[in-house]
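Here's a quick walk through one protein chain. Take a look at the fold first, then read on.

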Amino acid sequence: MTERLYIRLDEDPLYAPETSVPRGTLRDLRVPPELGLWVAHVVAYEEDVPAGEVARERVLPDGSMHLVFEFDGGSARSRVAGPRLRPSFLMMQGQVRGLSVKLRPGAAQALFSASAHELANDAVGWSDLVRARDRCVPDRLQEADSDRERLAVLTRALLGMRRD
């Protein structure tokens, strides 16, 4: 089993100096200005872990909330991860593909009517926090043909979710 490390703080480049995630597996997507109040980073990721291998990734806490969308060809899986005080571990096998969205302080309240401290050290299913009309967003993201289209779907969805 391969173990690697991931962390990215607001001022860090896509591959922070401490990060040992393989180069070329992450793509930094430009955060549209209209999402700038709520979103710090949007990262697309894609990797083929060799058959029979497992990549264990230690994700160091950065104090932020994250939206995580995983695409595997079936139904998209998604969760809202609250700020963590301890590292989390991801176990990856086969084709790993998705989108990670790092939220800014205050975004949880504006988008989900929940405070970050309510979600601290926890991950909640996307569908458990959003209105019925927004439950299809993960599948729309998976169906998008490009990073650009995925970013457009995400932008429309988050702007439509504002509860301020």
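## Helix α4

Start with the buried side of α4: its buried residues are D147, R150, L151, V153, L154, T155, A157, L158 and M161. Buried here means under 20% relative accessible area, with exposed over 50% and partly exposed in between (1.4 Å probe, protein chains only). Helices (H or I, at least four residues) and strands (E, at least two) are DSSP runs, numbered from the N terminus.

Helix α4 covers residues 147–161, and its end C-alpha atoms sit 21 Å apart, which agrees with the 21 Å that its 15 residues should span at 1.5 Å a residue. That expected span is 1.5 Å times one less than the number of residues in the helix.

## Ground rules

This is a predicted model, so local features need pLDDT of at least 70 and side-chain atom pairs count only at pLDDT 80 or more, while totals for chains, interfaces and linings use all residues. Residues are numbered from 1 along each chain as its sequence is written, and side-chain values use heavy atoms, leaving out hydrogens and water.

## The whole chain

The protein chain has 4 helices and 9 strands, running β-β-β-β-β-β-β-β-α-β-α-α-α from the N terminus on. Its radius of gyration is 15 Å, close to the 15 Å from the globule rule for 164 residues, so the chain is as compact as a globular protein of that length. (The radius is taken over C-alpha atoms, and the rule is 2.2 Å times the number of residues to the power 0.38.)

Of the 164 residues, 46% count as buried. As for contacts (heavy atoms within 4.5 Å), residues 24 or more positions apart account for 71% of those with a separation of 6 or more.

## The largest pocket

How much space lies in the largest pocket? About 880 Å³. Of the 41 residues lining this pocket, E57, V59, V68, L90 and S100 are the closest to its centre. On a 1 Å grid over the protein atoms alone, a pocket is an open set of points where a 1.4 Å probe fits, with protein on both sides within 12 Å along at least five of seven lines; lining residues have an atom within 4 Å of a point. Points are joined across faces, edges and corners, and a volume is the space filled by probe spheres set on them.

Among the strands that each supply at least two lining residues are β3 (39–48) and β8 (95–103).
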